[in-house]
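Please walk through this chain with attention to its spaces, its charged pairs and its surface. Keep the structure open while reading.

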Amino acid sequence: MAVGDVHGDLLQTWRILMACGVLKEGENGEAVWCGGDTILVQCGDILDRGDHEIAIVVLLRELHHQAVEQGGAVYILNGNHESLNVCGDFRYVTAGAFIESSVCAGYDMVDVDGSWEGHLRSRVALFRPGGPVARELAHNHTVLVINDTVFVHGGLVPEHVEYGLEKLNQDVTDWMLGRPDSSGHLCGVPELATGGQTSVMWNRAYSREYYPSLQDRLRACLLLEDTLKRVGCKRLVVGHTPQTRGINGECGGKVWRVDTGLSRGVLGGVVEALEILPPAAQAGEIAVRIIKEI
């Protein structure tokens, strides 16, 4: 089961998880995993544009612990907004999220005295490489392969595959943990993972809802086919680019775009998830279906 960007919107996150059939409310209002052996992949961009980013990370981590006990799992991908915050770029952080950071850092409102400088100091301390939240994000994948499906936040191209998927994941982990490189300096921003518009977290090669021309669409599909062949997978699932018509596929179902702009800080888009059937349950070419809120 794959869900797209949630951007700090706890209510919408709760709604999509309930629509997926993996979350129910306990007797005391607590989150309870009810998905059995379902594997849920959240495709990145939990941070920015909403007030409850850390709360969503805590929710998904708690659900993962519960899911593992039932044979399931909850995986989170790092997206470009996770990398922006570890870089100290807070331009998309809401006022509420700054306050949440201060509370998470252990301050009450008297301690920070309503000072945005205080909130900023809290945010920097939490998200800098080696900071508590950065260390938590370091557990996330940048590229995740499950059965015959590969998941990334933005896009994947042959250059990334040739570099090595596990190396991409490890580079991001080392950077977020604040580990030193071979020269003893802190690891820098991993360029192929999140360094620019062609990196895994920023790439939009397959995200256009409407390509300018058939030639552009063909080029994208050929690039995707080459990439999938190198990875040994049948399909790619991406977030990153809000889809105004909801979850949709392209290139004969070889790429699925799951960012519906769900957060009210983005589009307040449709509550949809992508269910991917395990290989043994796939009937013919029907391998996925779109789950909608009832």
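The paragraphs below take up the pocket and cavity, then salt bridges, then a helix and a surface patch.

This is a predicted model, in which local features need pLDDT of at least 70, side-chain atom pairs count only at pLDDT 80 or more, and totals for chains, interfaces and linings use all residues. Residues are numbered from 1 along each chain as its sequence is written, and side-chain values use heavy atoms, with hydrogens and water left out.

Start with the open space. The largest pocket holds about 310 Å³. A pocket here is an open set of points on a 1 Å grid over the protein atoms alone, with protein on both sides within 12 Å along at least five of seven lines. Grid points are joined across faces, edges and corners, and a volume is the space filled by probe spheres set on the points. Lining residues have an atom within 4 Å of a point. The largest pocket has 16 of them, and Met-1, Ile-39, Ile-276, Leu-277 and Pro-278 are the closest to its centre. Strands are DSSP runs of E with at least two residues, helices are runs of H or I with at least four, and both are numbered from the N terminus. By class, the pocket lining has nine nonpolar, four polar and three charged residues. Nonpolar covers Ala, Val, Leu, Ile, Met, Phe, Trp, Tyr, Cys and Pro; charged covers Asp, Glu, Lys and Arg; the others, Gly among them, are polar.

Now the closed space. How many cavities of 30 Å³ or more does a search of the whole structure find? The search finds one. A cavity is a set of grid points where a 1.4 Å probe fits but cannot get out. The largest cavity holds about 50 Å³. Its lining is made up of Val-3, Gly-4, Asp-5, Val-6, Ile-16, Val-258, Thr-260, Leu-262 and Glu-272. Five of these residues are nonpolar, two polar and two charged.

Turn to the charges. Side chains of opposite charge can pair when their charged atoms come close. The rule used here asks for a side-chain nitrogen of Lys or Arg within 4 Å of a carboxyl oxygen of Asp or Glu. The count comes to 15 salt bridges.

One of them joins Glu-293 and Arg-15, with the closest N and O atoms 2.4 Å apart. This pair links distant parts of the chain: Glu-293 sits in the segment after β12 (288-292), Arg-15 in helix α1 (residues 10-19), and 278 residues separate them. The cut-offs are under 20% for buried, over 50% for exposed, and in between for partly exposed (1.4 Å probe, protein chains only).

Asp-89 and Arg-91 form another salt bridge, the closest N and O atoms being 2.5 Å apart. Asp-89 has a relative accessible area of 19%, so it counts as buried. Arg-91 has 59%, so it counts as exposed.

Glu-250 pairs with Arg-217 in a salt bridge, at 2.8 Å between the closest N and O atoms. Here again distant parts of the chain are linked: Glu-250 is in strand β9 (residues 248-250), Arg-217 in helix α11 (residues 214-231), 33 residues apart. Glu-250 is buried, at 12%. Arg-217 is partly exposed, at 31%.

Helix α11 also holds Asp-226. Salt bridges link Asp-226 in a network with Glu-162 and Arg-230. Asp-226 is partly exposed because its relative accessible area is 30%. Pro-158 lies 68 residues from Asp-226 in sequence, yet the two are 7.0 Å apart in space, C-alpha to C-alpha.

Next, helix α4 (residues 95-104). Its buried residues include Ala-97, Phe-98, Glu-100, Ser-101 and Ser-102. Gly-106 follows α4, and its phi is positive, near 100 degrees. Glu-100 is 48 residues from His-52 in sequence and 7.0 Å from it in space, C-alpha to C-alpha. His-52 belongs to the loop between β4 and α2 (53-69). His-52 is partly exposed, at 39% relative accessibility.

Finish at the surface. Ile-99, Val-103 and Trp-116 form a nonpolar patch there, with about 280 Å² of accessible area together. Patch residues have over 30% relative accessible area and no salt bridge; nonpolar side chains (Val, Leu, Ile, Met, Phe, Trp, Tyr) are joined within 5 Å, like charges within 9 Å. Areas come from the Shrake-Rupley method with a 1.4 Å probe, and for residues only the protein chains shown count as cover. Trp-116 is in helix α6 (residues 116-127). At 45% relative accessibility, Trp-116 is partly exposed.
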